[in-house]
Amino acid sequence: MTYCIGIALKAGLVFCSDSRTNAGVDHVSTFSKMTVFEQPGERVLVVDDGAENREFVALVLEDCGVTVEPAENGLVGLQKATSGGFDAVLMDIQMPRMGGFEATAEIRRGEQGTSRHLPIIAMTAHAMKGDREDCLAAGMDDYMMKPIDVKVLLELLRKYAPASLREGT
């Protein structure tokens with residue numbers, strides 16, 4: 001069961017959580033004090049056609065010291081991702097102009113023959129059996145359901161942080 005708790009951060013934004021874990025209750029007052037990576041300077045590209053989702057993720061991550069670059073569809077996200085400099089991408093699946101699967105495929109094509117691998121985390125309302133596997137098969141590294149659970153968001157970003165950031169070197 002998912003529920004939302006209103007918090008006074010910015011107009012109209014809500015913090016959503018899974019009531020089975022009470023993640024939202026524990027993190028409403030503390031998530032802004034959490035750090036995502038061990039060192040400053042991390043950059044995350046948030047690709048989602050929903051302005052509210054981009055704003056919410058930006059609010060959470062910027063409060064954690066992360067620089068967030070928004071993109072409103074997969075085509076814009078692809079252009080920004082290929083320009084480099086990101087530690088991770090949060091990618092919606094269904095978007096106008098270019099969806100998340102197509103953008104991910106293009107990013108992965110550009111990485112072929114190199115040592116680069118940009119972590120891409122699906123951020124989607126798709127919650128049917130097999131959706132996670134579809135995301136992984138499409139070249140994404142992981143999967144996160146909407147509404148966004150802040151605890152899951154931060155755990156996934158920590159998991160896929162570049163080794164140099166995770167180790168503090």
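Predicted model: local features only at pLDDT ≥ 70, side-chain atom pairs only at ≥ 80, totals over all residues.
## Overall layout

Let's start with the big picture. The protein is built from seven helices and seven strands. If you follow the chain along its sequence, these elements come in the pattern β-β-α-β-α-β-α-β-α-β-α-β-α-α.

Among contacts in the protein with a separation of 6 or more, 59% are between residues 24 or more positions apart.

## Surface and interior

The protein has 169 residues, and 46% of them count as buried. Its accessible surface is about 8500 Å², and carbon and sulfur atoms contribute 52% of that area.

## Where α2 meets α6

Now look at two helices that pack together: α2, covering residues 51-63, and α6, covering residues 150-159. The crossing of α2 past α6 is right-handed.

On the α2 side, the contact involves Phe56, Val57, Val60 and Leu61. On the α6 side, Val150, Leu153, Leu154 and Leu157 take part. Sorted by class, this contact has eight nonpolar residues, with no polar and no charged ones.

## A closer look at Thr104

To finish, find Thr104 in helix α4, which spans residues 100-111. Is Thr104 buried or exposed? Its relative accessibility is 0%, so Thr104 counts as buried, the cut-off being under 20%.

Which residues does Thr104 touch, leaving aside its neighbours within four places in sequence? Thr104 is in contact with Met91, Ile120, Ala138, Gly139 and Met140.

Notes:
Residues numbered from 1 in each chain as written. Heavy atoms only, no water. Helix = DSSP H or I, 4+ residues; strand = E, 2+ residues; numbered from the N terminus. Buried < 20%, exposed > 50% of the residue type's maximum accessible area, 1.4 Å probe, protein only. Contact = heavy atoms within 4.5 Å. Areas by Shrake-Rupley, 256 points an atom, 1.4 Å probe, with all protein chains shown as cover. Axes fitted to C-alpha atoms, helices over the stretch in contact; angles between N-to-C directions. Left-handed = near helix turned anticlockwise from the far one by under 90°. Nonpolar A, V, L, I, M, F, W, Y, C, P; charged D, E, K, R; others polar.
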